[in-house]
Amino acid sequence: MKKLLFGSILAGIIAVGVACSNSSMQGHDMSNMNTKEGKKAETSEADQSMPLATNTEVLSDKEIHLTAKEALLQLNDQIKLPVYTYNGSVPGAQIRIKQGDKVKIHFKNELPEPTTIHWHGYPVPNSQDGVPGVTMNAIKPGETFTYEFTATVPGTYFYHSHQESAKQLDKGLYGTLIVEPKTGEKVDRDYTLVLDEWMSNPDEGHMDMNGMDHSNMHHGNHSDDEQMNMSGMNHDMSMYDLFTINGKSGSAIEPLKVKKGERVRLRLVNAGYMSHKLHLHGHDFKIVATDGQPLKDPQSIKDELLNIAPGERYDIEFVADNPGKWLLECHGDMKGTDGMKVKIQYEGETGKADKLNAKEKLPIVDITKYGKNELGPFTLDQKYDVEYTMDLGTEMGKNGMIFTINGKTYPETKPINIKKGDLVKVKMINNSPTDVHPMHLHGHFFQVLSKNGKPITGSPLMKDSLNLEPGEEYVIAFKADNPGNWMFHCHDLHHASAGMVTEVKYRDYKSSYTPDPNDTTNKGE
């Protein structure tokens with residue numbers, strides 16, 4: 001059974017961090033959005049059969065309807081691609097609910113293949129985690145499934161397919177999940193910006209590796225100027241020549257409108273397969289949350305780059321105190337870099353536009369030294385019930401490159417066996433010579449305790465996704481407070497598909513789901 005599940009899990013793990021996007025900004029400033037609960041996004045006909053994915057709705061009721069279906073996405077004035085959508089747009093409909101809400105998401109699959117929904121970063125019950133073959137069966141074409149959970153933790157999250165994820169996320173199957181706190185300061189504008197990268201001609205990106213067709217898949221979590229060797233073949237990341245924000249590239253991205261004196265929140269979500277370094281021009285800003293979790297007393301930053309890895313989310317805030325036409329832009333030197341920029345437009349301002357400077361050398365924010373240092377829920381020297389070392393490696397296997405945890409590939413990797421209430425400490429070491437590993441834990445938040453042997457000196461840092469550059473070592477800790485069988489894997493999903501996966505398994509958990517070994521539709525993590 002374990003071997004069988006490995007095949008179904010890894011068939012989907014190849015692409016969870018890849019995807020597409022949308023055409024209108026999401027948030028409280030909703031002039032370009034449908035806000036009535038349950039209303040479908042308005043679309044114009046791209047051809048006689050499929051709508052054009054150009055609008056994103058906001059669903060804010062406790063009972064929500066989502067439909068996965070095909071559409072066409074216009075990325076700019078020249079490129080239009082066939083995509084998969086939730087409610088007709090990419091990113092899909094934003095689910096915006098309040099802390100304490102008990103929500104039901106009625107999901108219908110109108111795609112030509114099975115699919116599921118995984119709630120990335122959110123501590124849902126294990127039965128709702130959306131991993132085919134592990135927590136549920138894949139939802140077949142024409143079928144429906146209702147997800148239910150209580151919104152316990154506020155913050156910025158996203159949702160996406162976990163069924164053949166490499167394929168389905170690459171086609172756009174994801175959306176954002178915003179949980180608003182019961183109490184807290186309000187902002188004047190609240191925008192959600194989803195980052196991604198595309199191939200303008202996917203057919204040219206075709207490459208056959210180990211007999212697999214990866215023509216429409218992202219293959220790396222590398223910085224803008226990196227390439228990667230996989231299975232003995234060189235994969236040039238420059239194939240991804242269109243970088244997008246909410247499904248649009250370059251001048252097709254609608255400006256973020258502000259008024260002087262307003263406080264503005266930007267929720268930055270990386271749903272792609274590459275890290276992106278963002279520069280906010282003309283304004284000081286504060287990082288108020290990472291992976292949905294607040295930071296203590298964030299200090300003002302100016303002219304520093306915020307590096308966002310696949311699966312990560314950063315919330316930043318700034319005061320619109322410098323009227324003009326400014327930019328939030330990606331830094332790097334790949335062909336698609338210049339497309340990942342959005343204008344910040346003061347209403348009524350007719351002044352000169354800000355200039356692009358994507359190659360300017362600026363420092364990168366070190367999130368481990370950011371904010372006020374104080375005691376978090378865990379410390380390095382306290383007693384832990386379970387300790388686990390995760391040595392992340394790259395080596396050549398029989399059929400190509402493999403990515404290992406402690407020298408093993410999944411399902412041979414040793415799980416982290418725990419019981420409810422345990423305090424768990426994990427040391428992660430990236431011993432891959434050139435590969436970056438953004439490690440993602442399902443169902444839990446962890447505290448980052450140290451980096452390269454030195455204690456964290458900034459705010460207590462709670463995350464669910466953590467990016468490890470080659471040679472880096474981190475120690476993290478979490479409490480076993482959400483019983484189930486959970487995935488812990490690299491969110492560079494090619495690395496996961498080639499072995500870099502383990503599980504967090506509660507010894508005292510008995511699942512009500514039993515995988516059917518004869519059900520060949522379960523192909524996902």
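Trainee: Which strand gives the most to the lining of the largest pocket?

Mentor: Strand S18 does, with three residues. Keep in mind that this is a predicted model.

Trainee: Which other strands supply at least two residues of that lining?

Mentor: Strand S10 (174-180), strand S20 (286-290) and strand S23 (313-319) each do, as does S18 (263-270).

Trainee: How many residues line the largest pocket, and which lie nearest its centre?

Mentor: The lining has 24 residues. Nearest the centre are Pro-181, Thr-183, Gly-184, Glu-185 and Arg-265. The space in this pocket is about 560 Å³.

Trainee: How do the residues of the pocket lining divide into nonpolar, polar and charged?

Mentor: Eleven are charged, eight are nonpolar and five are polar.

Trainee: Now cavities. How many of 30 Å³ or more does a search of the whole structure find?

Mentor: A cavity is a space where a probe fits but cannot get out. The search finds one of 30 Å³ or more. The largest cavity holds about 30 Å³ of space.

Trainee: Which residues line the largest cavity?

Mentor: Leu-268, Leu-278, His-279, Leu-280, Phe-285, Glu-304, Leu-306, Ile-316 and Leu-328 do. Strand S19 (residues 276-280) gives the largest share, three residues. By class, seven lining residues are nonpolar, one is polar and one is charged.

Trainee: Next, rings. How many aromatic pairs are there?

Mentor: Two rings pair if their centres lie within 6.5 Å. The count here is ten aromatic pairs. Take Tyr-122 and Tyr-157: the ring centres are 4.8 Å apart and the planes stand at 85°, so the pair is edge-to-face.

Trainee: Where in the chain do Tyr-122 and Tyr-157 lie?

Mentor: They are 35 residues apart, and the pair links distant parts of the chain. Tyr-122 is in the loop between strand S7 (118-120) and strand S8 (144-150), while Tyr-157 is in strand S9 (residues 155-160). Both tyrosines are buried.

Trainee: Which residues do ring pairs link into a cluster?

Mentor: Tyr-122 and Tyr-157 are among them.

Trainee: What sits over the ring of Tyr-84?

Mentor: The charged end of Lys-171 does, 4.9 Å from the ring centre.

Trainee: Last, how many disulfides does a search of the whole structure find?

Mentor: A disulfide is a covalent bond between the sulfur atoms of two cysteines. The search finds zero.

Trainee: Is Cys-330 buried or exposed?

Mentor: Buried means under 20% relative accessible area. Cys-330 has 1%, so it is buried. Cys-490 is buried too, at 0%.

Terms used: Residues numbered from 1 in each chain as written. Predicted model: local features only at pLDDT ≥ 70, side-chain atom pairs only at ≥ 80, totals over all residues. Heavy atoms only, no water. Phe/Tyr/Trp six-rings, centres within 6.5 Å; stacked < 30°, edge-to-face > 60°. Helix = DSSP H or I, 4+ residues; strand = E, 2+ residues; numbered from the N terminus. Buried < 20%, exposed > 50% of the residue type's maximum accessible area, 1.4 Å probe, protein only. Lys NZ or Arg CZ within 6 Å of the ring centre and 35° of its normal. Disulfide = S-S within 2.5 Å. 1 Å grid on protein atoms, 1.4 Å probe; cavity = no way out; pocket = protein on both sides within 12 Å on 5 of 7 lines; lining within 4 Å. Points joined across faces, edges and corners; volume = space filled by probe spheres on them. Nonpolar A, V, L, I, M, F, W, Y, C, P; charged D, E, K, R; others polar.
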